[in-house]
Amino acid sequence: MRHPAHAALAAALFAAGALQARADAVIDWNIRANEIVVESKIGTPPAMRVMAIVQTAVHEAVRNAVPGASLDAAVAAANRTALARLLPAQQASIERAWQAALVTLPEGRAKSAGIEAGERAAANVLGARANDGATPAAPYRPHAAAGTYVPTAAPAVPHWAARNPWLMSGPSQFRPAPPPDLGSAAWVRDYDEVKLLGAKASAARTPEQTEIAQFWEYSLPSIYHGVLRSVAAQPGRDTPRNARLYAAAAQALDDALIAVFEAKYHYHFWRPITAVRNGYIDGNPATERDAAWTPLHDAPMHPEYPSGHAILAGALGAVLEAEFGGKAPALSTSSPSAKNITRRWTSVADFVQEVADARIYEGIHFRSAVDAGAAMGRGIGQLAAEKHRAP
């Protein structure tokens with residue numbers, strides 16, 4: 001049930017830039033935390049880690065608060081404490097959100113007990129994750145031979161596979177089978193599909209497919225948490241239930257990126273732009289080279305196989321399916337890379353499939369990569385659902 005103070009908190013968050021008023025403090029603070037992450041300008045993998053720590057701290061605060069403690073205060077204190085440690089450069093924004101929350105909470109033992117629970121939970125989670133491997137131990141050394149050109153831009157998070165997962169037994173637990181052999185029919189299928197649909201000047205890609213590609217160019221946690229929010233804001237949900245759901249989803253998303261980067265740097269598979277421009281060197285006469293081929297969007301600076309977006313969608317989809325027994329309500333989210341338009345899906349499967357297809361329309365992934373990523377994500381999401389099974 002919504003606390004009377006939530007109306008004032010929601011109004012304060014809206015004035016600070018939140019999208020709209022939400023059903024409880026967990027959702028309200030998730031919106032603000034995501035905005036602070038965006039302000040910090042960190043990349044997607046570290047952003048997913050931040051949000052996993054924050055949402056885990058919120059869940060622990062709500063779960064372990066003493067009877068009678070204000071859950072709103074616990075949620076606020078957990079967010080403030082975790083964000084302040086992880087994103088110290090955003091201290092001013094964090095304090096504005098904290099002060100806006102404090103003024104809505106009546107003074108008394110409930111408030112102080114809630115703050116104590118939030119601060120204690122955040123400190124415990126931060127301590128447990130302090131040495132999780134997020135800081136690289138050594139610089140990445142590219143595969144190179146004397147006299148051979150190597151791109152000078154550093155690849156993204158090659159050390160991410162060394163992190164300690166939340167859910168998995170190890171980073172390679174869900175490593176997929178290798179990408180298609182370059183002499184196979186599956187490789188020809190993948191090659192021809194992305195060459196046709198993913199080209200910048202493609203005549204085969206529809207206007208809606210181009211819109212989908214632009215929409216899913218964005219990858220920070222807020223686009224996936226928007227999908228989660230369309231479920232969490234459903235009638236009848238309460239703060240403990242949403243705290244558990246957000247923790248499960250955030251841990252699954254963070255583990256998904258640990259798993260996908262482990263596989264990417266294990267296989268080192270080439271991106272479509274390299275493959276299509278060099279189609280004559282793959283040993284397959286069925287792949288026709290296009291030396292001038294350009295993708296709709298520039299490829300990220302890391303290996304192609306498997307797909308990061310697809311694993312994220314698969315992980316979140318599995319968490320949502322477990323939460324609703326396969327009958328999740330309508331889903332939606334908005335994307336800053338598509339002028340904040342909103343897209344909607346009537347099923348989890350449709351959502352996951354669109355995310356996978358988008359990476360082909362962008363010209364940056366092959367079909368095998370998105371299929372493998374989605375399957376990996378489903379396994380990780382199922383682990384999260386099992387760990388955070390509703391009482």
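Colleague: Before we look at the strands, what has to be found between two strands for them to pair?

Modeller: Two strands pair if DSSP finds at least two bridges between them. In this predicted model, strand β1 (residues 331–335) and strand β2 (residues 341–345) pair in the antiparallel sense, and the pairing runs over five bridges. To follow one of these bridges on the screen, take S334, whose bridge partner in β2 is T342.

Colleague: How many residues lie between β1 and β2 in the hairpin?

Modeller: Five residues stand between β1 and β2 in this hairpin, and in the turn you will find K339, which has a positive phi of about 55°. Another place to look at for its phi is H268, where the value is positive, about 50°, although H268 is not a glycine; H268 sits in the loop between α10 (239–267) and α11.

Colleague: Turning to helices, how do I read the angle at which the axes of α4 and α5 cross?

Modeller: Angles over 145 degrees count as roughly antiparallel, and those under 35 degrees as roughly parallel. The axes of helix α4 (residues 71–86) and helix α5 (residues 91–102) come within 10 Å and cross at roughly 170°, which means that α4 is roughly antiparallel to α5. On the α4 side the contact is made by A76, A77, R80, L83 and A84, while α5 brings Q91, I94, E95, W98 and A101. Sorted by class, the residues of this contact between α4 and α5 are seven nonpolar, one polar and two charged.

Colleague: And which way do α9 and α12 run relative to each other, roughly parallel or roughly antiparallel?

Modeller: Helix α9 (residues 221–232) and helix α12 (residues 308–323) have axes that come within 11 Å and cross at roughly 15°, so α9 is roughly parallel to α12. Their crossing is right-handed. From α9, the residues in contact are Y224, V227, L228 and V231, and from α12 they are H309, L312, A313, L316 and L320. By class, the contact of α9 with α12 has eight nonpolar residues, one polar residue and no charged residues.

Colleague: Where is the cis peptide bond?

Modeller: The peptide bond from Y305 to P306 is the cis one, with omega near -5°, and P306 belongs to the loop between α11 (272–277) and α12.

Colleague: Over which residues does pLDDT stay under 50?

Modeller: Where pLDDT is low, the predicted coordinates should not be read in detail. Here the chain averages a pLDDT of 92, and 93% of the residues score at least 70, but pLDDT stays under 50 over residues 1–23.

Key: Residues numbered from 1 in each chain as written. Predicted model: local features only at pLDDT ≥ 70, side-chain atom pairs only at ≥ 80, totals over all residues. Heavy atoms only, no water. Axes fitted to C-alpha atoms, helices over the stretch in contact; angles between N-to-C directions. Helix = DSSP H or I, 4+ residues; strand = E, 2+ residues; numbered from the N terminus. Parallel < 35°, antiparallel > 145°, perpendicular 65-115°, else oblique. Left-handed = near helix turned anticlockwise from the far one by under 90°. Contact = heavy atoms within 4.5 Å. Nonpolar A, V, L, I, M, F, W, Y, C, P; charged D, E, K, R; others polar. pLDDT = per-residue confidence, 0-100.
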